[in-house]
Amino acid sequence: TSGGNLYASKGKIGGWDITDSKISSGNSTTKVCVMQTPTDKNTIVFATGGSSHADYSTSPFYVKADGYLFSSSGQIGGFDITKTYIATGKKNYNDANNGVYIGTAGIGLGANKFHVTAAGKLTATDAVITGEITSTKGTIGGWTIGDNIISGKTGAYEARMSKAAIG
C-alpha cells in the first residue's frame, strides 16, 4: 500500500482474478464478468453473463472501447429489446395492442392500424395517401387491377378499362 492505495498487478481479491490488464471472475456455471484494459477500439472492456473467458463476444452484454454496446435483451426508455425486435406495448408487428414494434418480422404502429411486413406488404387503416400510386395488380374500391387493365363487376354488369381518357 502507498498512501492508503492498494497496488497489485497480479493476484486474487474476493474471488476476482487480477492481472496487469484485467479483473475477472466466474466460469461457465456462474457466468463470467470482466473489466479489462483496451488494446484497440474493438477490445471488449466490460462483459458479463458469458460462459467463457476465451471469447467475451458470446456474452449477452458487453461494451467495447469505442463505446459500442451490445445487449441481447433489456429495456431502454420503456422499449423492450430482444434479439429480433424493439417494442413497447406490442409483441408482434400486427398484434391488436397499441404500441410500437420494429423487428425482423415487420414494423407496426398503433393497434394494428398500420404495419409493414418484412416482405413489404403494407396495411394502413384509414390512410390518407397523397402523390403517385403505382400498382400492377390488386384491388381498390372493388375494382381489380391487372397488367394494363382495371375491371369491376356489380351484379350482371361488368366494366373493363384498358385504355381510357377522362376529361
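Strand β4 (residues 32-36) is mostly covered, with four of its five residues buried. Buried here denotes under 20% relative accessible area, exposed over 50%, and partly exposed in between, with a 1.4 Å probe and protein chains only. Strands (E, at least two residues) and helices (H or I, at least four) are DSSP runs numbered from the N terminus. The model is predicted: local features need pLDDT of at least 70 and side-chain atom pairs count only at pLDDT 80 or more, whereas totals for chains, interfaces and linings use all residues. Residues are numbered from 1 along each chain as its sequence is written, and side-chain values use heavy atoms, with hydrogens and water left out.

Strand β4 is paired with strand β3 (residues 22-25) in the antiparallel sense through four bridges; strands count as paired if DSSP finds at least two bridges between them. In this pairing, I23 stands opposite M35 of β4. The β3-β4 hairpin has six residues between its strands, and G26 takes a positive phi near 95° in this hairpin. Strand β4 also pairs with strand β5 (residues 44-50), again antiparallel and over four bridges. M35 stands opposite F46 in β5.

The largest nonpolar core consists of six residues, namely V32, V34, I44, A47, Y56 and Y62. Strands β4 and β5 each supply at least two residues of this core. A nonpolar core is a set of buried Ala, Val, Leu, Ile, Met, Phe, Trp, Tyr and Cys residues joined through side-chain atoms within 4.5 Å. Neighbours within four places in sequence aside, V34 is in contact (heavy atoms within 4.5 Å) with K22, I23, S24, V45, F46, A47 and Y56. I44, found in strand β5, is buried, with a relative accessible area of 10%. With neighbours within four places again left aside, the contacts of I44 are Q36, Y56, S57, Y62, V63 and K64. The C-alpha atoms of I44 and F79, 35 residues apart in sequence, lie 25 Å apart in space.

The structure holds four aromatic pairs. Rings of Phe, Tyr and Trp (its six-membered ring) pair if their centres lie within 6.5 Å; planes under 30 degrees apart count as stacked, over 60 as edge-to-face and the rest as tilted. The pair of Y62 and Y68 is tilted, because the ring centres are 6.4 Å apart and the planes are at 40°. Y62 and F70 form a stacked pair, at 5.1 Å centre to centre and 25° between the planes. Y62, Y68 and F70 form one aromatic cluster. Y62 counts as buried at 9% relative accessibility, while Y68 at 43% and F70 at 27% count as partly exposed. K64 lies over the face of Y68, at 5.6 Å from the ring centre; this requires NZ of Lys or CZ of Arg within 6 Å of the ring centre and within 35 degrees of the ring normal.

The protein chain has 18 strands and zero helices. Its radius of gyration is 29 Å, well over the 15 Å that the globule rule gives for 167 residues, so the chain is more spread out than a compact globule. The radius is taken over C-alpha atoms, and the rule is 2.2 Å times the number of residues to the power 0.38. Along the principal axes, the C-alpha atoms fill a box of roughly 95 × 30 × 30 Å. Buried residues make up 19% of the 167 residues in the chain. Of the contacts between residues at least 6 apart in sequence, 6% join residues at least 24 apart.
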